[in-house]
Amino acid sequence: MKRLLSSIRDGNGFDIVLVAFPLGFLFLMAGLPLLYNILMSFQEVDMFSLGTFLRPFVGFKNYQDLFALPETWPILGNTAIFVIGSIAGQFLIGFGLALFFWVNFPGASWLRGLFLVSWVMPGLVVGAIWNWILSGDFGVLNFMLRETGIISGNIFWRSDPNYSLYAVIMANVWLGTAFNMILLSVGLASIPGDLYEAAELDGANAWQRFWTITLPMMRSTIGAIISLGLIFTLQQFDLFAAITSGGPNNSSNVTQYWAWDLSFRQYDFAKGATISVIMIVFVMFASVVYVRSTRHEVRG
Amino acid sequence: MTKQIELSGVNKYYGAFHALKNIELSIEKGSFVALVGPSGCGKSTLLRSLAGLESISTGDLKIAGELMNNVPPRKRDIAMVFQSYALYPHMTVEQNLTYSLRIRGVPKAQAKKAAEEVAATTGLSQLLGRYPRELSGGQRQRVAMSRAIIRDPKAFLFDEPLSNLDAALRVHMRKEIRTLHDRLGATSVYVTHDQIEAMTMADHVVVMKDGVIEQQGAPLELYDRPANRFVAGFIGSPAMNFVPAVVGEDGRSLAVDVGEKQTIVLDRQLQPGRKVTAGLRPEHLHFVEPGQGVFRLPVGIVESTGSATYITTSTAAEVTIVETSRRQVKTGDVIDVSIRPADVHVFDGETGLRV
């Protein structure tokens, strides 16, 4: 008993206690719900069995039912478009801005900090702002497109099934660009300046230096930012709730919103859980990529 | 001999700071030039200006006869070895070597062959597949040099390339760089703060201080006839002793202020009564039998390296003597020391210029 106490005070026991707290917290708050969610996707759940833990086991019936629904594939497709569109937009604009601020003109760091405002804003607020911007009758976006002659008539971004998903993507790109920019700026700043001088003396022009030095040196940062982007876009819920509510007619519905809709609006908890499990697989994949790309840091 | 690099009236300003002041320097093809001076003297700025990494504010910079003032670095055909080596960490040794060739669109097979040839001369053949992080400091240094050699540039620039190596390797690489220079018949400009590196490697040494070239010339010329007190003190190790002195009535004797005033008889005529500084190199001061010397000096500190003994006197103006004989001396002894009149350097007491 005395040895155990002294180990906790000064030794391995202390390390274990330190690790045990976050691990225990993680297991309680994230691990258990995750496991419960997986379990629920294999059970028959209705309003009357909600409070119980052991419910009738139905095997893969929930999965079969889910894929028999007509809206499942379109929603999965929407999710893919949303994820790819958001990540591509956030990354490209973020990288462009990071390169722009890298030039380090007077006030660059101050202005870069200001960009973070979009990242710290709550999703619902961002959604409300974009609702005004996107508004069909009096929205700024329509006004600008009309004045520049790109469109002739108003686009009803939020209620036209052809545009509703892209309306949310636009808002999400705006929301996530600053975060991409900051991480990419950090990556850029960690590339030693003399590499560029050496490459310049070796005859490389600006474009060649970007392709042969900047991009390869940024590989781990880019891997991390894209996998984080995948995780964040799959978590994006607020914007859907604020802008389109998944509509009209599921045209802007994505899995994360649909899972909530099935569980808490239609009370089909089993299907909600089933979609969540499918998403877990994707997020797990992204996490592995993230962990791997931050581990393989290439530094001289 | 043709001039490979010519600088005339070159000035460099950073805002109000005047980093390079009226630099006049011409470097002959095939010569090895060392830029040496204390940190902040402008030697690195000068080197970076040659490379084009810094632009010069006024003056002309010519490489191989062409005006280069506004030519970007990549078009100057100059190779540089950085203090940090600046190897590309995401490329293997071979890719590092062939980078400049690949950029210029040299076919892969040809680039590979060139890399193998250069690697064979610098002893890197076994390491071509490795990444820089897997190499030792000396090997990285060799990669950095090979990367410069493979291009066959108009000039090589070295920016303190040996300062990250340990002492033994530094001495070794010194010879290796010089041998390589001779074999390639290259033109090299070498920046260092270590005067021994400059003296041993270069054909032509340029001593700089506060953005000004204090003196330039062959290494031994600088050692034998330093133009001013700064160069005299900077070249040679241990550093030259400076003692205040006054020229005697006859203009040929020097009353030197060490301990009791002592007199050196010179081999030349100076203006009587002039206040000067006498420069005495430690290695030019020799022990003599009592009563024979020009100095009688009390011994302060005695340090022995084995090959030589460094004796520092306990006089007000400290004098260091390097003695290679094993004569026993200890603190508190009084020794008799002599110097050949020709070895006495005389500098003006105020301007510090050679008299």
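**Figure 1. Helix H2 of chain B and its packing partners.** In this predicted model, helix H2 of chain B (residues 93-103) buries Val93(B), Asn96(B), Leu97(B), Thr98(B), Tyr99(B), Ser100(B) and Leu101(B). What do these buried residues pack against? Their partners are helix H3 (108-122) and H4, both of chain B. Just after H2(B) comes Gly105(B), with a positive phi of about 80°.

**Figure 2. The six-stranded sheet of chain B.** This open sheet has 6 strands. Their order is E6-E7-E8-E3-E9-E10 (chain B), and the pairing is mixed. Which strands stand at the edges? They are strand E6 (78-81) and strand E10 (212-217) of chain B. Each has a single partner strand, so one side of each has no neighbour in the sheet. From one strand to the next, the twist averages 20°. Helix H4 of chain B (residues 137-149) packs on this sheet. The helix touches E6 and strand E7 (155-159) of chain B. The direction of H4(B) makes about 180° with that of E6(B).

**Figure 3. Strand E3 of chain B, covered on both faces.** Strand E3 of chain B spans residues 32-36. How many of its residues are buried? The count is 5 of 5, and the strand is mostly covered. Phe32(B), Ala34(B) and Val36(B) are buried on one side. Val33(B) and Leu35(B) are buried on the other. Strand E8 (residues 188-192) of chain B pairs with E3(B) in the parallel sense, over 5 bridges. There, Leu35(B) has Val191(B) in E8(B) as its bridge partner. E3(B) is also joined to E9(B), again running parallel, by 4 bridges. In that pairing, Val33(B) has His204(B) in E9(B) as its bridge partner.

**Figure 4. The antiparallel pair E9 and E10 of chain B.** Strand E9 of chain B covers residues 204-209. E9(B) and E10(B) run antiparallel and are joined by 5 bridges. Which residue of E10(B) stands opposite Val207(B)? That residue is Gln215(B). E10(B) is one of the edge strands of the sheet.

**Figure 5. The five-stranded antiparallel sheet of chain B.** A further open sheet has 5 strands, in the order E13-E12-E11-E14-E20 (chain B). The pairing is antiparallel. Strand E13 (261-265) and strand E20 (345-348) of chain B are the edge strands, and each pairs on one side only. The twist averages 40° from one strand to the next. Within this sheet, strand E11 (residues 241-247) and strand E12 (residues 253-257) of chain B pair in the antiparallel sense over 3 bridges. Val247(B) has Leu254(B) in E12(B) as its bridge partner.

**Figure 6. Chain A, a chain of helices.** Chain A has 15 helices and 0 strands. Its C-alpha atoms fill a box of roughly 75 × 70 × 30 Å along the principal axes. Of its 300 residues, 31% count as buried. Among contacts in chain A with a separation of 6 or more, 69% join residues 24 or more positions apart.

**Figure 7. Helix H4 of chain A and the residue that follows.** Helix H4 of chain A (residues 72-102) has 31 residues. How far does H4(A) reach from its first C-alpha to its last? The span is 44 Å, close to the 45 Å expected at 1.5 Å a residue. Just after H4(A), Asn104(A) takes a positive phi of about 65°.

**Figure 8. Leu50(A) in a loop of chain A.** Leu50(A) lies in the loop between helix H2 (12-40) and helix H3 (61-68) of chain A. Is Leu50(A) buried or exposed? Leu50(A) has 10 C-beta neighbours inside 10 Å, so the residue counts as exposed. Leu50(A) and Phe269(A) are 219 residues apart in sequence. In space, they are 8.6 Å apart, C-alpha to C-alpha.

**Figure 9. The contact between chains A and B.** Chain A brings 17 residues to the contact, and chain B brings 20 residues. Helix H10 (193-201) and helix H11 (206-217) of chain A each supply at least two residues to the side that touches chain B. Which helix gives the most to that side? It is H10(A), with 6 residues. By class, the side of chain A that touches chain B has 8 nonpolar, 4 polar and 5 charged residues.

Notes:
Residues are numbered from 1 along each chain as its sequence is written. Chains are lettered from A and ligands numbered from 1 in the order in which they are written. This is a predicted model: local features need pLDDT of at least 70, side-chain atom pairs count only at pLDDT 80 or more; totals for chains, interfaces and linings use all residues. Two strands pair if DSSP finds at least two bridges between them. Axes are lines fitted to C-alpha atoms, for helices over the stretch in contact, and angles run from 0 to 180 degrees between N-to-C directions. Two residues are in contact if their C-beta atoms, placed from the backbone, lie within 7 Å. Ala, Val, Leu, Ile, Met, Phe, Trp, Tyr, Cys and Pro count as nonpolar, Asp, Glu, Lys and Arg as charged, and the others, Gly among them, as polar. A residue is buried if 20 or more other C-beta atoms lie within 10 Å of its own, exposed if 12 or fewer, and partly exposed in between; C-beta atoms are placed from the backbone. The expected span of a helix is 1.5 Å times one less than its number of residues.
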